[in-house]
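Take a look at the model before reading on.

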Amino acid sequence: MDVLRLPALLAELPIERTRLLDNLGRIRREVGPLTPELADALADHMSIRRGEVHEVVSFYSFLQVPVDAVRVCTGPVCDCLGGRELLARLEEHGPVVEVPCLGHCELAPMHTVGDRILPEPTYRTNAGFLGLDQVDATLGDYERRGGLALLRDLPPAARIVAELKASGLAGYGGAGFPTGVKWEAVLRERAPRIVVVNADEGEPGTIKDRYVMERRPHLLLEATVLAMRAMEAAEGWIYLREEYATARTRLTEAIAEFRAAGLLDGLSLELVVGAGAYICGEETAMLESMEGRRGMPRLKPPFPSQFGFLGRPTLIQNVETLAHIPAILRGGWEPVRLWSVTGAVREPGCYEAPLDVTARQLIDDYAGGATDEICAIVPGGAASGILPPSALDVPLTREALRGWGAGPGSAGFQVFPASYPLLRLLEVTMRFFAEESCQKCTPCRIGNRALTHVVERLADGEAEMPRWQVDEWLEAMEATSICGLGQGAPIPVRNAFRYWPELFAPLGEPQLA
């Protein structure tokens with residue numbers, strides 16, 4: 001820890017409350033992990049109550065982790081492919097931090113040393129409308145591939161909204177809200193407006209936004225600036241996941257290039273780096289985080305389009321959603337999305353494919369086939385559900401998956417082999433939700449912990465509570481949690497009950513309706 005650096009650093013740090021998370025991140029990187037003394041010094045510098053800063057520090061797990069720490073992923077895919085064994089080996093050489101997901105599932109099992117990703121990242125992808133098969137090293141590279149044309153000849157906002165509606169583009173972060181409708185709603189509100197890019201990709205098995213930011217950051221920035229111009233928003237923000245160090249570097253460089261080229265004249269576009277809280281991917285929790293508080297979801301309404309960042313009408317869009325907009329406005333775009341394909345496949349990666357692609361097609365036609373007999377698939381991320389091999393030929397659309405009690409989520413498609421116990425997959429999934437709950441809602445806080453414990457004991461053939469009581473807990477979580485984490489966590493449990501009932505026999509029969 002370099003405490004001698006602190007006085008000089010404090011003099012450089014802004015005092016606005018909205019810069020609290022950034023300031024804490026800089027202290028962690030340049031001085032050392034946040035201690036009570038460091039938190040107090042920053043609180044005094046920013047004229048914030050010390051207790052409020054301690055609240056924030058305690059909420060974000062990575063603020064107290066050394067910047068050069070060894071971190072091992074033990075999320076579902078990494079756990080399946082040897083993450084626990086990797087953790088044990090590395091612990092023989094010193095302290096190791098276990099993390100439920102590090103966002104590089106295609107490299108499983110993987111770990112980080114500081115900002116270094118191990119094993120070294122490799123990119124398996126295809127061309128498609130987003131062109132991820134080629135890397136844009138510079139703004140010049142991007143422009144030579146047809147980029148910036150929309151910023152040179154900006155379409156009117158009404159035309160953009162009309163074309164987004166006609167395209168059918170819906171949010172690709174997981175919620176699936178129609179993009180054109182969202183833009184229209186924000187434009188109805190009185191200025192000043194704000195644009196926020198949600199780059200806090202934290203759903204286990206999801207790597208698509210990282211691919212966009214690391215391979216084509218200028219594409220994201222063109223779409224972001226386009227949105228800012230259309231919204232007449234002078235301020236824009238990109239909220240980026242902390243674990244994405246390469247994306248952070250690429251975006252920082254690309255923003256500097258845009259600024260030097262005069263593409264940000266009259267605009268402020270800033271990068272905000274998170275600190276290890278999955279819940280901040282929820283749009284209102286992200287706004288709370290950006291405003292210098294714990295990342296806890298807000299009650300809705302009002303919606304961010306009405307009352308968003310600092311109370312202003314705010315357009316919030318996921319990285320991939322924005323990345324498709326230039327292709328839509330140029331014409332010829334067809335409904336596609338990026339699928340993160342990981343787990344027991346020969347060529348894990350990120351592939352652009354139609355919305356109605358089947359699981360079998362993703363595995364065989366894009367990812368080189370399965371490496372083992374398949375036990376289960378996760379169609380779109382931890383909260384999207386767990387399905388049996390009989391679902392391999394079902395189109396991965398919201399409509400088709402609804403009948404299976406699942407959904408496409410954030411398109412974090414994962415394949416698990418027969419050698420990996422289904423109860424183990426469910427246990428790791430529920431532990432993730434338990435650890436990442438913001439704990440604002442009691443059913444989510446207690447329910448995810450209890451369900452994790454129930455599944456752990458079931459692996460030993462023991463019933464911690466009867467099935468009727470588990471069902472009551474699931475209903476309470478769905479009905480009374482205020483965000484998608486608590487509402488979505490029961491989905492994989494219900495799927496497991498439905499498709500692998502023999503594993504839950506010790507719990508007894510479900511309560512009759």
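Start with Arg26, which is partly exposed at a relative accessible area of 25%. The model is predicted, and every value here is computed from it.

**Charged pairs**

Side chains of opposite charge can pair when their charged atoms come close. Across the whole structure, a search finds 44 salt bridges. Three of them are described here, beginning with the partner of Arg26.

Arg26 and Glu12 meet through their side chains in a salt bridge, with 2.9 Å from N to O. This pair links distant parts of the chain: Arg26 sits in helix 2 (residues 20–30) and Glu12 in helix 1 (residues 6–12), 14 residues apart. Glu12 is partly exposed, with a relative accessible area of 44%.

Glu242 and Arg71 form another salt bridge, at 3.1 Å from N to O. Their positions are 171 residues apart in the chain. Glu242 belongs to the loop between strand 6 (235–240) and helix 13 (245–260), while Arg71 belongs to strand 1 (residues 70–73). Are these two residues buried or exposed? Glu242 has a relative accessible area of 7%, under the 20% cut-off, so Glu242 counts as buried. Arg71 is buried too, with a relative accessible area of 4%.

Glu478 and Arg494 also meet in a salt bridge, at 3.0 Å from N to O. Glu478 lies in helix 20 (residues 467–480) and Arg494 in helix 22 (residues 490–499). They are 16 residues apart, and the pair links distant parts of the chain. Glu478 is partly exposed at 31% relative accessibility. Arg494 is partly exposed as well, at 28%.

Some salt bridges share partners. Asp79, Arg84, Glu98, Arg424, Glu427, Arg431 and Glu456 are joined in this way into one network.

**A buried glutamate**

Glu214 is part of helix 11 (residues 208–215). Its relative accessibility is 5%, and Glu214 counts as buried. Which residues does Glu214 touch, not counting those up to four places away in sequence? The contacts are His104, Tyr123, Thr246, Ala247 and Arg250.

| Pocket | Volume | Lining residues | Nearest the centre |
|---|---|---|---|
| Largest pocket | about 1,500 Å³ | 49 residues | Gly173, Gly174, Ala175, Gly176 and Glu282 |
| Second largest pocket | about 520 Å³ | 33 residues | Ser61, Gly276, Ala277, Glu435 and Glu436 |

Which elements give two or more residues to the lining of the largest pocket? They are helix 10 (179–188), helix 11, strand 8 (314–318) and helix 21 (484–488). Helix 11 is also the helix that holds Glu214. By class, the lining of the largest pocket has 17 nonpolar, 22 polar and 10 charged residues.

The second largest pocket draws on other named elements. Helix 4 (50–59), strand 2 (97–99) and helix 18 (422–436) each supply at least two residues of its lining. That lining has 17 nonpolar, seven polar and nine charged residues. Glu435 and Glu436 are among the residues closest to the centre of the second largest pocket.

How values were computed
Residues numbered from 1 in each chain as written. Predicted model: local features only at pLDDT ≥ 70, side-chain atom pairs only at ≥ 80, totals over all residues. Heavy atoms only, no water. Salt bridge = Lys/Arg side-chain N within 4 Å of Asp/Glu carboxyl O. Helix = DSSP H or I, 4+ residues; strand = E, 2+ residues; numbered from the N terminus. Buried < 20%, exposed > 50% of the residue type's maximum accessible area, 1.4 Å probe, protein only. Contact = heavy atoms within 4.5 Å. 1 Å grid on protein atoms, 1.4 Å probe; cavity = no way out; pocket = protein on both sides within 12 Å on 5 of 7 lines; lining within 4 Å. Points joined across faces, edges and corners; volume = space filled by probe spheres on them. Nonpolar A, V, L, I, M, F, W, Y, C, P; charged D, E, K, R; others polar.
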